[in-house]
Amino acid sequence: MPEPASALRLRSSAGRGTLAAAVLASGMVFLDSTVVNVALPRLGADLGASVAGLQWTVNGYLLTLAAFVLLGGALGDRFGRRRIFLIGVVAFTLASVLCGLAQRTDWLVAARFLQGAGGALLTPGSLSLLQASFHRDDRAKTIGAWSGLSGVSTALGPFIGGWLIDALSWRWIFFLNVPLAVLVILATLRWVPESRDESASRAGRARRFDVAGALLGALGLAGVTYALVDAPGRGLYSPAVLAAALLAVLAAVVFVLVERRRGDTAMLPTGLFGSRLFSVLNVFTVLVYAALGGFTFFIAVYLQNVVGWSALLTGLALLPMTLLLLVGSPGAGALSTKIGPRLPLTVGPVLAAAGLLMLREVSPGASYWREVLPGVAVFGAGLTLVVAPLTASVLAAVEDRFAGVASGFNNAASRVGGLLAVAALPLLVGLSGTGYEQRDELTAAYRGALLWCAGLLLAGAAIAVLLVHRPARRPPPAQPCHSMPVSTPK
């Protein structure tokens, strides 16, 4: 990337202000990722939501975020990263207010779709602003600071969100975004310089946006999600479910054809998949993040509705997992660079699966120290071995010119994994209607879901041991391409 005309230095007031804007904006997105699942039992009871309503509350956000995050990055490159970033912040915040004011489940779900669309503009912008604005000598330090501070916000999310849910209402986890957004907007207008990809601007109409690809991707994800979520209530072979499944298949086929035709100008250049390692790593990503998304969806509801914990205790229960990731990821990345990614990507999922099997035995009146913490620690240790090696290997598996889109696609793959798990697992374990409020029914579903999640992790380990190898070239310094969910599902 060429040096900006007025490159920022990290020690300057403008540099610190730009970093603060990016961290606070990312913090809003991470906060929603870590506390919405904790709020599900309360908002479900308040709005009279069914299991399907809870699924859509999570998946409405994930669907639009996963479908449009690559398009959001391209819009920033073309029309100005600061401009698109600010639009994303405003859209995300307005949608958050609508979420907090929701009086019905369908209202909340619609607002979550809008929130995901705002996040798709905001998420790529927070990192690209730093990459484009800072002096090359300060970029690595700035991105490292962004990663560390964003990790702190992720760790604080369950504590802050759980306290708000218990002390005030689930609605305040969304209203909290308003003061954060005001600070982000003020800091951005005051300190963040505008930047864009000048080659894209000069190309003008010659470099059209792949809107068709983004819409087809969203349509395919929406179709499969609707089919999986509504199958328990409508019946697996009902006309609506079958039509949604058919729509998903057709959208996926047309998506592939459109992307192939557009070549390197596509939202998802098919040249990426000339690397078998890149393809394998993204299948691995979907499996691992599906397990993570399914686990965090079920355990947040189970700990409150069966074990009897408060929202605050539920949020804090998984905090050690985040702390292990913050402390251990640099070491895991260094280990992967030294010995290659195969061993960490094999041992990590196996450890995480063992943690889930331990947590499967948690019962009413469980002791946190004896029954919950050991499983959370083992699961977190497994994830710690996965995240940094996976990120670095994805970036090293493709040509440098595809690094940005490869990182974005892998981010989207992680979110799609969580989306599909939250859509499919209640169907697979027979949880529907208001079953999440019934102790016996929820207990059986929880234990079945954790078995499925452990199976997904072991499938990922098998793929790693058989198909993952050391990238042909040395991985570049890993830039975070996942926003690790802690109590939900980059």
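Helices and strands here are DSSP runs, numbered from the N terminus; a helix needs at least four residues and a strand at least two. By that rule the chain has 17 helices and zero strands. The model is a predicted one.

Start with the chain as a whole. It has 490 residues, and 57% of them count as buried. The exposed surface comes to about 19100 Å². Carbon and sulfur atoms supply 67% of that area.

Now go to helix α1, which covers residues 13-47. Ser 26 sits in this helix. Its relative accessible area is 4%, so Ser 26 is buried. What does Ser 26 touch, beyond its neighbours within four places in sequence? The contacts are Ser 126, Trp 146 and Ser 150. Ser 150 is 124 residues away from Ser 26 along the chain, yet their C-alpha atoms are separated by 6.6 Å.

Helix α1 also holds Asp 32, and helix α4 (residues 105-133) holds Arg 112. Side chains of opposite charge can pair when their charged atoms come close. Arg 112 and Asp 32 form a salt bridge, with 3.8 Å between the closest N and O atoms.

The whole structure has five salt bridges. Another one joins Arg 104 to Asp 106, where the closest N and O atoms are 3.1 Å apart. Arg 104 is partly exposed, because its relative accessible area is 48%. A further salt bridge links the side chains of Arg 360 and Glu 361, at 3.5 Å from N to O. Arg 360 has 22% relative accessibility and therefore counts as partly exposed. Glu 361, at 49%, is also classed as partly exposed.

Next, look at helix α7, residues 177-191, and find Thr 188. Is Thr 188 buried or exposed? Thr 188 counts as buried, because its relative accessibility is 0%. Setting aside neighbours within four places in sequence, Thr 188 is in contact with Ala 21, Arg 82, Phe 85 and Leu 86.

Val 254 has a relative accessible area of 38%, so it is partly exposed. Ala 212 is 42 residues from Val 254 along the chain, and their C-alpha atoms are separated by 9.8 Å.

Then turn to empty space. Rolling a probe the size of a water molecule over the atoms shows where such space is left. The largest cavity has a volume of about 60 Å³. Its lining consists of Val 51, Leu 54, Phe 297, Phe 298, Val 301, Leu 431, Tyr 436 and Leu 442. Helices α2 (51-79) and α11 (276-305) each supply at least two of the lining residues. Which helix gives the largest share of the lining? It is α11, with three residues.

Leu 335, Ile 339, Leu 343, Val 347 and Leu 351 make a nonpolar patch of about 380 Å². Two elements give two or more residues to the patch: α13 (319-339) and α14 (342-359). The largest share, three residues, comes from α14. Ile 339 lies in α13. At 40% relative accessibility, Ile 339 is partly exposed.

Technical notes. Residues numbered from 1 in each chain as written. Predicted model: local features only at pLDDT ≥ 70, side-chain atom pairs only at ≥ 80, totals over all residues. Heavy atoms only, no water. Patch = residues over 30% accessible without salt bridge, like charges linked within 9 Å, V, L, I, M, F, W, Y side chains within 5 Å. Areas by Shrake-Rupley, 256 points an atom, 1.4 Å probe, with all protein chains shown as cover. Salt bridge = Lys/Arg side-chain N within 4 Å of Asp/Glu carboxyl O. Buried < 20%, exposed > 50% of the residue type's maximum accessible area, 1.4 Å probe, protein only. Contact = heavy atoms within 4.5 Å. 1 Å grid on protein atoms, 1.4 Å probe; cavity = no way out; pocket = protein on both sides within 12 Å on 5 of 7 lines; lining within 4 Å. Points joined across faces, edges and corners; volume = space filled by probe spheres on them.
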